[in-house]
Amino acid sequence: MTHPFQCIATVQLPGRDEYLAAACGPKVFLVNAGKGEIASEWSASSLTTATSNGNDDAAGTSERPAKKQKTSNAASHAPNIIKLTVSLSQQYIVAVTDDKVIHVFEITGHGELKALSQRCMPKRPCAIQVLPDNATIICADKFGDVYSLPLLPSDAALTQNASPGAEHVDVMKTDEATFKPSATNLTVHTERNRKALEAQMQQKNFSAKKEPLKFEHKLLLGHVSMLTDVVFATRQVDGKQRSHIITADRDEHIRISRAPPQSHVIEGYCLGHSEFVSKLCLIPGTDILVSGGGDSWLGVWDWPSFKLRRKFDIRAAVLDTIRQDAEVSGADKTDTIKKADKDVVVSGLWTAPFANAKGKQETALLVACERRPSLLIIPISRLMLKKDESMTQTRVGHSVLDVTCIGDSVVLSLDTRSAGPGRLQPMKLFQSSGNDKGAVDYERDEEMDAKLKCLTKSSTDAHADDKALDELLYGVANLRKRRGWGDDAGGTQVDPSDTKRDDNGTEAMDVEDDLTVHKP
Amino acid sequence: MAGPPNKRQKRDDKQEGQMPQKKFYRQRAHANPFSDHDLTYPETPEAMNWGDHYPSYVATVPAAVPKDDPVATEDGNDYGVPRMTKQVEVADIGCGFGGLLFALAPKMPETLILGLEIRTSVTEFVQEKAKALRVQHSPESVPGGYQNVSCIRANTMKFLPNFFAKAQLSKIFLCFPDPHFKARKHKARIVSTTLNSEYAFVVRPGGRVYTITDVEDLHRWMVEHFEAHPSFERVEGEELEGDEVLKVMTTETEEGKKVERNGGTKYVAVFTRLEDPPWP
Ligand SMILES: C[S@@+](CC[C@H](N)C(=O)[O-])C[C@H]1O[C@@H](n2cnc3c(N)ncnc32)[C@H](O)[C@@H]1O
């Protein structure tokens with residue numbers, strides 16, 4: 001089995017060679033795409049792993065079930081890279097590993113990766129971006145919060161974090177750390193509060209003090225929901241730049257806040273999704289934001305006015321691949337198609353430039369759906385129309401994990417774990433000359449393919465088994481809510497907010513400190 | 001388990017206009033604000049059917065959908081809900097059995113007041129009580145005739161912006177919120193730095209947030225967090241004179257009455273929503 005590249009990114013220094021950064025398990029490779037050779041390589045090691053929280057005493061007891069143990073087991077392997085991003089200056093790479101650590105690298109003149117810092121966040125980051133100032137990282141986490149950190153920590157902070165394995169950090173909100181729960185039976189007057197206090201006293205860690213994070217950080221904003229994506233959006237108003245942070249959550253919200261130092265101001269919400277939102281994508285040069293998630297359509301928003309311009313239906317396209325799969329495997333079609341609505345799970349949105357018939361540059365939106373072996377290509381001009389649903393569907397044979405543009409090539413990272421070669425598939429986009437003139441066509445980019453061969457040799461493999469890979473690569477569908485626990489309106493059945501089930505939810509919350517999806 | 005059939009049966013047995021009995025609507029005290037309850041909530045505030053809750057305030061002339069609405073698609077952005085003559089302006093978050101709501105309603109007969117409560121049967125109790133009070137009292141006998149008060153089931157920590165548009169509210173009450181003593185549960189508190197931004201979003205500049213609790217630590221926590229938030233400022237002393245709802249809040253909630261019976265202290269704080277700063 002070959003380990004796919006779970007994240008890829010491009011480093012494009014003007015006047016220098018172009019590099020492709022690719023993460024394979026715990027490793028990052030930097031490939032000189034001009035020369036076609038690996039320039040450098042780095043691997044995360046479990047040494048740098050910090051435990052998820054300071055007090056591990058209760059691990060394995062009934063209070064800390066499965067999930068906790070899994071984290072400790074995972075720590076014995078090298079942590080996997082889950083996010084990879086490049087600063088606008090093309091000077092730095094930021095990687096996140098699944099042990100919640102943010103790694104910052106400098107890219108030196110010869111394409112070497114120089115590890116600068118490692119900072120362990122209190123909760124698992126789910127989206128990360130270096131702001132256009134090339135000095136600030138914003139990081140959204142599973143607990144619903146967005147933090148900013150300096151890209152390069154100050155010297156003082158660095159020395160404090162110097163010893164590997166010493167980063168036992170937990171909640172970073174210092175204001176919470178100063179809160180001492182000192183309620184006694186004297187200060188509690190109602191039965192309700194007395195019971196709550198008793199119950200909470202009985203739990204361990206009642207007054208467990210949180211160690212605040214030792215490095216500089218700011219809490220910018222937060223949702224009481226799992227965050228799934230964050231983008232930084234800037235536009236001109238009256239000749240001045242206005243910057244925003246746009247966040248998406250599992251509870252169908254897209255929130256538009258001002259950027260720091262005014263990130264406490266919420267400007268508005270783009271509401272309309274009826275399932276989780278998993279991805280956001282700004283269309284360059286426009287005020288258009290595209291969102292995707294568990295709905296069978298993409299949201300096309302005019303984000304400054306919070307208006308939904310249209311829902312772009314992708315159900316038919318996804319159904320198509322499902323139908324074809326069913327034909328191949330001989331599975332019962334009606335059954336698979338019935339499930340299809342639930343199967344539309346947008347796992348990736350990207351933009352890529354292409355040349356139109358007149359040689360002018362246009363933009364296309366690329367859409368990946370989780371575990372679907374194709375990529376949808378939609379010219380932005382079509383996305384803006386009211387009705388036209390036509391798009392190009394490339395059958396790439398394997399599910400698309402990540403996409404990056406390098407030169408005039410669009411590189412897809414594919415899950416070819418059992419098929420072997422072809423983990424990276426470079427292609428070129430161009431305007432169709434066929435019947436559907438507006439559509440985008442594609443062809444394989446053989447030249448780039450040859451350059452990237454160095455990366456797809458087996459030397460870039462990593463330890464993998466199917467289950468672990470699935471867990472690493474396909475988490476988006478798990479965001480879907482289980483609905484219909486009981487007929488609430490009727491009220492005669494079990495109220496989920498009022499049952500043992502809910503107690504379990506509360507426990508899980510304590511154990512993981514996360515707004516976790518409680519799997520059935 | 002909530003609402004075993006006989007309890008439910010007894011709830012249904014009452015005649016129209018008869019007051020609901022609390023004992024048939026009791027429910028386990030704590031609900032987890034993080035789990036996916038089977039909640040119903042509108043996709044957006046425009047999709048909320050307020051007509052069900054305030055039937056007297058439904059506009060008689062139905063709203064016409066502008067034919068040339070640039071946003072309208074096949075799916076429609078016309079949600080088919082009736083247009084209202086008034087919008088909700090006062091929200092009691094975690095209203096419990098609604099004591100404050102029913103005390104406020106006649107004092108603000110021109111204002112729509114809404115309780116938001118996460119527990120199903122408690123919500124139902126408040127809804128039933130509002131209906132009964134409407135039957136028992138005409139607007140001639142009691143100002144507003146309780147037509148201006150209702151309650152919905154909601155997890156306000158997640159879904160406030162699904163119900164209210166920017167700056168829609170003039171007042172929010174947070175009365176005797178669950179204390180969540182445990183240190184690790186602070187994100188579960190109904191007041192936090194990040195959640196306060198959502199309150200600031202739905203409250204208009206000049207509007208007020210009222211808090212009351214008998215747990216001193218929680219009081220300090222709420223004060224610290226609202227004061228630390230750039231969109232809020234504490235209101236004290238003279239500025240509170242003449243704020244009649246403050247008095248009502250201190251005496252009329254169910255929890256407040258219990259605290260009084262037990263001789264406890266009630267800690268009150270009021271905050272005003274400031275204007276947003278100019279863009280930098
Ligand atoms: C201690 S009671 C206070 C009730 C009432 N305000 C009073 O003073 O009598 C707190 C109430 O908040 C409700 N609650 C807790 N979390 C909530 C949430 N996230 N959304 C809505 N209601 C919530 C609880 O169900 C409970 O009824």
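Student: Over how many bridges do strand 3 (residues 27–32) and strand 4 of chain A pair, and in which sense?

Tutor: Strands of a sheet pair through backbone hydrogen bonds, either parallel or antiparallel. Here strands 3 and 4 of chain A pair over six bridges in the antiparallel sense. Two strands count as paired if DSSP finds at least two bridges between them; strands (E, at least two residues) and helices (H or I, at least four) are DSSP runs, numbered from the N terminus. One bridge links Asn32(A) to Glu37(A) in strand 4 of chain A.

This is a predicted model, in which local features need pLDDT of at least 70 and side-chain atom pairs count only at pLDDT 80 or more, while totals for chains, interfaces and linings use all residues. Residues are numbered from 1 along each chain as its sequence is written, chains are lettered from A and ligands numbered from 1 in the order in which they are written, and side-chain values use heavy atoms, with hydrogens and water left out.

Student: What is the order of the strands in that open sheet, and which stand at the edges?

Tutor: The order is 1-2-3-4 in chain A, with antiparallel pairing. Strand 1 (7–12) and strand 4 (37–43) of chain A each have a single partner strand, so one side of each is left without a neighbour in the sheet. On average, neighbouring strands are turned by 20° against each other, direction ignored. Axes are lines fitted to C-alpha atoms, for helices over the stretch in contact, and angles run from 0 to 180 degrees between N-to-C directions.

Student: Which strands does helix 8 (residues 446–456) of chain A touch?

Tutor: Helix 8 of chain A packs on the sheet and touches strand 2 (18–24), strand 3 and strand 4 of chain A; contact means heavy atoms within 4.5 Å. The direction of this helix makes about 150° with that of strand 3 of chain A.

Student: Which chains surround the ligand?

Tutor: A residue is near the ligand if one of its heavy atoms lies within 4 Å of it. Residues from chains A and B surround the ligand, so the site is shared between chains. Of the 17 residues around it, Arg192(A), Gly94(B), Glu117(B), Asn155(B) and Phe176(B) come nearest.

Student: Which N or O atoms lie 3.1 Å and 2.9 Å from the ligand?

Tutor: A backbone N or O atom of Thr156(B) is 3.1 Å from a ligand nitrogen atom, and one of Glu255(B) is 2.9 Å from a ligand oxygen atom. In the side chain of Asn155(B), an N or O atom is 2.8 Å from a nitrogen atom of the ligand.

Note on methods: A polar contact is a pair of N or O atoms within 3.5 Å; within protein, one must be able to donate a hydrogen and the other to accept it, and residues adjacent in sequence count only if both atoms are side-chain atoms.
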